[in-house]
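Trainee: I would like to learn how to read a model feature by feature. Where do we begin?

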Amino acid sequence: MEGGWRDNRINSTGNKYNCSAKPGCGSRVGIIFQVGTKSLKVSISPILTFRITTVLATLRGHPHHSLLCCTFYITAIVSLLLRMDDDWKDGVETITKSIFVDGTDDRDPYSSEVTLCSCVSAPGKPKCFDERCFNYATQTECSLDLCGPDCQNTSFQRRRFAKLEVKSTAKKGHGLFAAEPLTKGQFLYEYCGEIIPEKELLRRQHAARHEQHLYVMMLKEGIYVDARFKATIGRFINHSCEPNAFVEIWSVRGHLRVGIFASTDVASGEELSFDYKWDMSDRPPTRCHCGSVSCRGYLELLTEEQLQ
């Protein structure tokens, strides 16, 4: 989540470098690198800010202080520009598959085997790509072994991810953006995290009761996916009251997986979103910043009575 700017001016003489940020604080920090009349304002994490100011403090007493500071500024600015859109990685461990906690499992309680579909096609022609395929229609992936190379219903298994990227947004922290044109119905990415039982969910919810953002999805009764600390980039998809994506749970070789799909054609560079449709809880309602014409004002689905 982005916090307000705290301008910490670091000038070419090295005489002014003030930073109120401490490692572990939640808001991002604005720093102005100033050389003469030119300045560059960037937004970075508090931990990186702390490291920069520590280096400057060390250089201050050096006999070649000015030369070293100028060299440091150039190096720091280039490094910052290269990683400005990578600060989403701070505090998040990127993973490629979900991690099980406390003996949980992701087994599909209704299906332990993959049903061989009856789809047929000419050699080299795609099949199993719409509701005419029984497996596709029931949100079940076909078997790579049984269905053959022309099967299009194996996106999770083949990791057919769209080209997506994480960027900063004005009011919603980081967001997930299309890095290529996307088509309606396209599988975009898998939503992974820690697979936790309900008892652990309640413990984590209590510990994070004062925090604004949640990254939990229900996988099946009593089992949840928490992408707060360990996740794929799917974690960063934001809410919108007029979304261009949706989330579905699919059965893949007897195991449940969460996928993000496009609900409409999406242009390259456009932010992806889905409707969270949160239920009301003991937390205060969460204000929505989607900016859509039909914005309902909150991420939760509130009744008229709750809105009053």
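Mentor: With the aromatic rings. The structure holds nine aromatic pairs. Rings of Phe, Tyr and Trp (its six-membered ring) pair if their centres lie within 6.5 Å; planes under 30 degrees apart count as stacked, over 60 as edge-to-face and the rest as tilted.

Trainee: What should I know about the model before I go on?

Mentor: This is a predicted model: local features need pLDDT of at least 70, side-chain atom pairs count only at pLDDT 80 or more, and totals for chains, interfaces and linings use all residues. Residues are numbered from 1 along each chain as its sequence is written, and side-chain values use heavy atoms, with hydrogens and water left out.

Trainee: How many degrees lie between the planes of Phe156 and Phe187?

Mentor: The planes are 45 degrees apart, with 4.6 Å centre to centre, and the pair is tilted. Phe156 sits in helix H5 (residues 155-158) and Phe187 in strand E8, so the pair ties together parts that are 31 residues apart in sequence. Helices (H or I, at least four residues) and strands (E, at least two) are DSSP runs, numbered from the N terminus.

Trainee: Are Phe156 and Phe187 buried or exposed?

Mentor: Both are buried. Buried means under 20% relative accessible area, exposed over 50%, partly exposed in between (1.4 Å probe, protein chains only). Phe274 and Tyr276 form another tilted pair, 4.9 Å centre to centre with 50 degrees between the planes. Phe274 and Tyr276 are both buried too.

Trainee: Which residues form one aromatic cluster?

Mentor: The cluster consists of Tyr136, Phe156, Phe161, Phe187, Tyr189, Phe246, Trp250 and Phe261.

Trainee: Now the whole chain. How many helices and strands does the protein chain have?

Mentor: Seven helices and 16 strands. Of its 308 residues, 43% count as buried. Next, contacts. Contact means heavy atoms within 4.5 Å. Among contacts with a separation of 6 or more, 62% are between residues 24 or more positions apart.

Trainee: Which residues touch the most other members of the largest nonpolar core?

Mentor: A nonpolar core is a set of buried Ala, Val, Leu, Ile, Met, Phe, Trp, Tyr and Cys residues joined through side-chain atoms within 4.5 Å. The largest one has 35 residues, and Leu164, Leu182, Leu188, Tyr191 and Leu272 touch the most other members. Elements that give two or more residues to this core include strand E6 (164-168), strand E7 (174-178) and strand E15 (255-262). E15 gives the largest share, four residues.

Trainee: What does Leu188 touch, beyond residues up to four places away in sequence?

Mentor: Leu188 touches Phe161, Ala162, Leu164, Leu182, Ile260, Phe261, Ala262 and Leu272. Another core lies apart from the largest one; it has seven residues, among them Cys119, Cys128, Cys133 and Cys151.

Trainee: How many disulfides does the structure hold?

Mentor: A disulfide is a covalent bond between the sulfur atoms of two cysteines. The cut-off used here is a pair of cysteine sulfur atoms within 2.5 Å. The structure holds zero disulfides. Cys117 is in none, and its nearest cysteine sulfur, that of Cys128, is 3.6 Å away. Cys133 is in none either; the sulfur of Cys119 is the nearest, at 3.7 Å. Cys117 is buried, with a relative accessible area of 12%. Cys133 is buried at 1% relative accessibility.

Trainee: Next, a helix. Which residues of helix H6 (residues 198-207) are buried?

Mentor: Glu200, Leu201 and Arg204. Look down the helix axis: the buried residues of H6 fall within an arc of 105 degrees, so they line one face. The arc is that of the directions from the helix axis to the C-beta atoms. Exposed Lys199 and His206 are on the face turned away from the buried side of H6. The cover over the buried residues includes strand E9 (194-197), E10 and E11.

Trainee: Where is Arg228 found?

Mentor: In the loop between E11 and strand E12 (230-231). Arg228 is partly exposed, at 21% relative accessibility. Its C-alpha atom is 7.3 Å from that of Val92, 136 residues apart along the chain. Leaving aside neighbours within four places in sequence, Arg228 is in contact with Val92, Ala208, Glu211, Tyr215 and Arg235.
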